Amino acid sequence: MTAPAANMRINPDRLWDSLMDMAKIGPGVAGGNNRQTLTDEDGEGRHLFQRWCEEAGMTMGVDQIGNMFATRPGEDPDALPVYMGSHLDTQPTGGKYDGVLGVLGALEAVRTMNDLGIRTKHPIVVVNWTNEEGTRFAPAMLASGVFAGRHTLDWAYDRVDAKGKRFGDELERIGWKGEEEVGARKMHALFELHIEQGPILEAEGKEIGVVTHGQGLRWIECTVTGKDSHTGSTPMPMRRNAGRGLALLTELVHEIAMKNQPGAVGAIGHIDVYPNSRNVIPGKVVFTVDFRSHLPEVLHAMEAEFYDRAPGLCEEIGVSLSTQVVGQFEPPAFDEGCVAKVRAAAERLGYSHMDIVSGAGHDACWINDLAPTAMVMCPCVDGLSHNEAEEISKDWAAAGTDVLLHAVLDAAEVVS
C-alpha cells in the first residue's frame, strides 16, 4: 500500500462551517457553548451529527450508553474498522472546539474521502463518545470507560447529577439509548483529534502535536476536620482551623509537584468549606488533590509522599485528615505504530510538529486498553480550554484534520 498523496487535503471552509453550525446548539452566555451531556441540547447536537453522517453515506449505530458510531464501508467485509472521533458534549461554560473538533474533523475526513472517491480496505467509523466531560455526571470519560470495561453499565446508569437525575433515565429521556451492547465492537485502530488544551504547541510555534503518552492521574478527596468557632472571640492558640489545614496541604501539593519536574503537575481544585461563613473559623474543608504524570513511577511517588507527609502537617495544627481516591488511571502509552503514522502524516504534509504528552484525560486513553490508539493535537490560543473564550484558528483546525485524514487512510489501507 502506498502512502496518501501529499496534496490530499480536507476542505477547511466546510469543516469550519460545520463547527460554527454545531456551536449554534447550546450557546453559552459568553460566546462558547453549554451543551452538557444528556441535556436537550446534547440531543439536538446528536441529531444534527447523525443527519450529516447519513448525508455523507454512513450508517449510524448507537449502543446502550448512547455512543454513536457512523460507519463508512470498506472493501474487505472481514477487516476490522479504523475508528476516529471524540465527543460533542461540553462543559457548562465550554468552548466550541474541545471534543467537537475531533468529531467534526473525523466527519470532514470522510467527506473528503467521498469527494476524492477514495476506497479503503478497512471500514471507517466516526464515533461520538457519551459524557466525556463528566461535569454533569461524574466521572469523566464515562461511556468510553464502560466500553473499555473500566465501569459496568449499571453503575454508569446509576450516576446522578446535582439535581438527583439518573444518567440512565436522562439517556432514555432524550432518546439516545441504543440497543447495541456496549463494548461489543472490535477495532483495528483508533485516532482522536483534539485541541491541546495547553500552551505548549502555540509557544513552540508548532502546528501539530504528536501525542505519545497521556497523563495518569490520582484524584484524592481530602477531608480536613477541625472545629468551627467564632473568628472574633476564639484565641489564636485555641483554634482548630480546618482552613489552615487546606492552606498547608495546598503548599505541600505544589512542593511535591515541583520536586518531580519536568512534566509532573499537582494542584487542589474543587473545595467546599463548612460552614462557609465570614465570621466562623472553618470546622471542615473538603477538597480534591489532583496529581498527574505520564510516568507511572513519578505518579506513584507523588501520591506516596502526600500520604506520608499530609497527616503530620494536619496533626501539628490540631486538625485531622481523612482521604479517599475518587479518580485514578495509570498513564497510557499510545501505540508506537499509530503514533508513527501521525508523525509521518505531519511530515508528509509539511506541517511543523513535535512529540507531546496529553495533559488531560481523553476517551482515547481508555480505548488504548483495547486497540492500537493515537492522538493528534492542534494548538489553542493561550492554551485556554474549558472556557467560553477557547479559540483556535481555521488553519490549525485544517492542519490537525489533514493529519487525521492521512493517518487514518494509512491505517485503513487505501485501495487503488
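Over how many bridges do strand β8 and β13 pair, and in which sense? They pair over nine bridges, in the antiparallel sense. The legends below set this pair in its surroundings.

This is a predicted model, in which local features need pLDDT of at least 70, side-chain atom pairs count only at pLDDT 80 or more, and totals for chains, interfaces and linings use all residues. Residues are numbered from 1 along each chain as its sequence is written, and side-chain values use heavy atoms, with hydrogens and water left out.

**View 1. Four strands make an open, antiparallel sheet.** The strand order is β10-β12-β8-β13. Strands are DSSP runs of E, at least two residues long, and helices are runs of H or I, at least four residues long; both are numbered from the N terminus. Two strands pair if DSSP finds at least two bridges between them. β10 (265–274) and β13 (320–329) are the edge strands; each has a single partner, so one side of each lacks a neighbour in the sheet. From one strand to the next, the twist averages 20°. Look at β8, residues 216–225. Its residue T225 has S320 of β13 as bridge partner.

**View 2. Eight strands build an open sheet with mixed pairing.** Read the order as β1-β2-β5-β3-β6-β15-β7-β14. The edges belong to β1 (59–62) and β14 (353–358); each has a single partner strand, so one side of each is left without a neighbour in the sheet. Here the twist averages 25° from one strand to the next. β7 (residues 208–214) pairs with β14 in the parallel sense, over six bridges. I208 stands opposite H353 of β14.

View 3. Axes are lines fitted to C-alpha atoms, for helices over the stretch in contact, and angles run from 0 to 180 degrees between N-to-C directions.

**View 4. D98, E133 and H386 carry the UniProt feature "binding site".** The UniProt entry is unreviewed, and such annotations may be inferred rather than shown by experiment. The three span 289 residues in sequence, yet no two of their C-alpha atoms are more than 9.6 Å apart, so they gather at one spot. D98 sits in the loop between β3 and α3 (100–116). E133 is in the loop between β5 and α4 (142–147). D98 is buried, at 4% relative accessibility. E133 is buried too, at 9%. (Buried means under 20% relative accessible area, with a 1.4 Å probe and protein chains only.) Beyond its neighbours within four places in sequence, D98 has contacts (heavy atoms within 4.5 Å) that include E133, H194 and H386.

**View 5. The largest nonpolar core has 95 residues.** Such a core is a set of buried Ala, Val, Leu, Ile, Met, Phe, Trp, Tyr and Cys residues joined through side-chain atoms within 4.5 Å. F49, M84, L104 and F191 have the most contacts inside it. α12 gives the largest share, 12 residues. Leaving aside neighbours within four places in sequence, F191 contacts residues including M84, V342 and L404. A second, separate core of 23 residues includes I220, V253, A264 and V289.

Key: Buried means under 20% relative accessible area, exposed over 50%, partly exposed in between (1.4 Å probe, protein chains only).
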